[in-house]
Amino acid sequence: AVREQVRRSTVWIRAQVAEGESEGSGFVSRQGWVLTNAHVVENSRSVQVVFDSGTPQHRARPARVVRVGAPGTAQDIALLAVDTAGVPPLRLADLDKLPQGSPIAAFGFPLGASVAASGRGPEISLRGGRVSAFRRDGAGKLEWVESDMLIEVGSSGGPVVTPEARVVGLSTMVVGPLLRTARVVPSTNLRAFAPQAVQ
């Protein structure tokens, strides 16, 4: 039931940019709002949000970019306005109650259209892992949630959730010499970035 709830709320995003097309993932954070990474939609000419990608119920709706943060940083966040009618939003996790080592899962669309088997778009992917660290800045403010999950191109902006379907943050980047460490923009940053669009 939790997996189905998160699946329905996770969206595939296609943005037309000067270089061609940018793809990524996102999630419905509140009715009428979708959150994703800034680097997915930065400098886009148009954005399409695809609901239920990879299923017979797939449907694309135009979205308006309302606010874009800073790609490559812990503010790699973008807020989209889109018709989300009928799609249940996801709630944010309380990270103060999330211990190091907690199980989490990332939902998204790795490799996007290149792995779509039909005109319905790519099917959703689920990657499991654990919280390996909470990385803070020099002032002690939480900057990143770190995980051992495997995150691939196309999963950017997708929700990382607890077993209770609460959003820990957005899949954002992989770092390290073997590219095996995932950085997740934390829910605290999402709440501060778009307080009107989360719950």
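Colleague: How many cavities of 30 Å³ or more does a search of the whole structure find?
Modeller: The search finds 1 such cavity in this predicted model.

Colleague: Which strands each supply at least two residues of its lining?
Modeller: These are strand S7 (103-108) and strand S8 (125-136). S7 gives the most, with 3 residues.

Colleague: What is the lining like by class?
Modeller: The lining has 5 nonpolar, 4 polar and 1 charged residues. Among the lining residues are Phe107, Ser125, Arg127 and Leu150.

Colleague: Which residue forms a salt bridge with Arg127?
Modeller: Glu152 does, and the closest N and O atoms are 2.6 Å apart. Glu152 lies in the loop between strand S9 (142-147) and strand S10 (159-161), whereas Arg127 is in strand S8, so the pair ties together parts that are 25 residues apart in sequence.

Colleague: Turning to Asp52, is it buried or exposed?
Modeller: Asp52 counts as buried because its relative accessibility is 9%, and the cut-off for buried is under 20%. Its salt-bridge partner is Arg59, which counts as partly exposed at 23%.

Colleague: Finally, where is Asn189 placed?
Modeller: Asn189 is in helix H3 (residues 187-193), and it counts as buried at 4% relative accessibility. Leaving out residues up to four places away in sequence, Asn189 touches Ala74, Gln75, Ile77, Leu142 and Glu143.

Note on methods:
Residues numbered from 1 in each chain as written. Predicted model: local features only at pLDDT ≥ 70, side-chain atom pairs only at ≥ 80, totals over all residues. Heavy atoms only, no water. Helix = DSSP H or I, 4+ residues; strand = E, 2+ residues; numbered from the N terminus. Buried < 20%, exposed > 50% of the residue type's maximum accessible area, 1.4 Å probe, protein only. Contact = heavy atoms within 4.5 Å. 1 Å grid on protein atoms, 1.4 Å probe; cavity = no way out; pocket = protein on both sides within 12 Å on 5 of 7 lines; lining within 4 Å. Points joined across faces, edges and corners; volume = space filled by probe spheres on them. Nonpolar A, V, L, I, M, F, W, Y, C, P; charged D, E, K, R; others polar. Salt bridge = Lys/Arg side-chain N within 4 Å of Asp/Glu carboxyl O.
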